[in-house]
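Please read these notes with the model open beside you. They go through a few places in turn, and each point can be checked by eye.

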Amino acid sequence: MNDVRAREGILFIVSAPSGAGKTSLCRELIDTFPELRQSVSFATRPIRPGERDGVDYHFVDESVFAAMKEQREFAEWATVHGNLYGTTLKTIEDAAQQGVDLLLDIDFQGAAQLKTSCRQGVFIFILPPDMAELERRLRSRGTDGGGVIERRLATAREEISQAIWYDYLVVNDDFTVASNTLKAIIMAERCRSHRTAQILNSIIT
């Protein structure tokens, strides 16, 4: 495997509609690539059972989040289902400078902001096989009422209709196939010539 410390770290941005399986797929990537670091976003929502502050999210109140926005500390931020989420510029810049590949699991709004400021980022959108399956997955969770599910489905249709600007579209019909596709994307991006020029130099010098 290429020495990831010898070049600038790659920013992988992964988005998906709720219920498409993004979280599980991202966990699989982190388990497969130990040197791939998952970015920890800031969030104003309450911490859930089993979550750890600083591991799942940096949990802050709205006043702290507002102050960080005022100081322009965020590379992207968005309001998602009534809560605020954001990724700091420092997180992205530090990883790039240290040669660390960073996995950023964020919603469509945040990814759209980064598309204009992080042109070297790799943007990946996870799709459900169809809307019927997405609805089935959302209902099988048993955590949301009918109205919430309908809003999530409407948001999903809107996001999917605009997702063509992502670099890669991955359909999560079969988890193993989708996971292997994501792993192949990461490996291919690491092999791009502009990211591995040090290999050429080491051979000819």
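1. Basis of the model. This is a predicted model, in which local features need pLDDT of at least 70 and side-chain atom pairs count only at pLDDT 80 or more, while totals for chains, interfaces and linings use all residues. Residues are numbered from 1 along each chain as its sequence is written, and side-chain values use heavy atoms, with hydrogens and water left out.

2. The largest core. The largest nonpolar core holds 19 residues, and Phe12, Ile124, Ile126 and Leu182 have the most contacts inside it. A nonpolar core is a set of buried Ala, Val, Leu, Ile, Met, Phe, Trp, Tyr and Cys residues joined through side-chain atoms within 4.5 Å. Buried means under 20% relative accessible area, exposed means over 50%, and partly exposed is in between (1.4 Å probe, protein chains only). Two or more residues of this core come from each of strand E1 (11-15), H1, strand E8 (122-127) and helix H7 (175-190). H7 gives the most, with 4 residues. Helices (H or I, at least four residues) and strands (E, at least two) are DSSP runs, numbered from the N terminus.

3. Ile124 and the second core. Setting aside neighbours within four places in sequence, Ile124 is in contact with Phe12, Ile13, Val14, Ser15, Tyr166, Tyr168, Val170, Leu182 and Ile185. Contact here means heavy atoms within 4.5 Å. There is also a second, separate core of 18 residues, with Ile92, Ala95, Leu102 and Ala163 among them.

4. Ala16. This residue sits in the loop between E1 and H1. Ala16 has a relative accessible area of 10%, so it counts as buried. Ala16 and Ile124 are 108 residues apart in sequence, yet their C-alpha atoms are 8.6 Å apart in space. Not counting residues up to four places away in sequence, Ala16 touches Lys22, Phe125, Ile126 and Glu159.

5. Helices H5 and H6. How do these two helices pack? Helix H5 (residues 131-141) and helix H6 (residues 146-162) meet at an angle of about 145°, and their axes are 10 Å apart. Axes are lines fitted to C-alpha atoms, for helices over the stretch in contact, and angles run from 0 to 180 degrees between N-to-C directions. From H5 the contact uses Met131, Leu134, Glu135, Leu138 and Arg139, and from H6 the residues include Ile149, Leu153, Ala156 and Ile160. By class, the contact has 7 nonpolar, 1 polar and 5 charged residues. Ala, Val, Leu, Ile, Met, Phe, Trp, Tyr, Cys and Pro count as nonpolar, Asp, Glu, Lys and Arg as charged, and the others, Gly among them, as polar.

6. Arg137. Also in helix H5 is Arg137. Is Arg137 buried or exposed? Its relative accessibility is 16%, so Arg137 counts as buried. Beyond neighbours within four places in sequence, Arg137 is in contact with Gly19, Ala20, Pro129, Asn172 and Asp173.

7. Thr88. This residue belongs to strand E6 (residues 83-88) and is buried at 8% relative accessibility. The side chains of Thr88 and Thr91 are joined by a polar contact of 2.7 Å. A polar contact is a pair of N or O atoms within 3.5 Å; within protein, one must be able to donate a hydrogen and the other to accept it, and residues adjacent in sequence count only if both atoms are side-chain atoms.

8. Two glutamates in loops. Glu35 lies between helix H1 (22-32) and strand E2 (37-38), and is partly exposed at 24% relative accessible area. A polar contact of 2.5 Å links the side chains of Glu35 and Arg190. Glu51 lies in the loop between strand E3 (42-43) and strand E4 (58-59) and is buried, with a relative accessible area of 19%. A polar atom of the Glu51 side chain is 2.8 Å from the backbone nitrogen of Arg48.

9. Arg72. Which residue other than glycine has a positive phi? Arg72 does, with a value near 55°. Arg72 is in the loop between helix H2 (62-70) and strand E5 (74-80), and counts as exposed at 69% relative accessibility.
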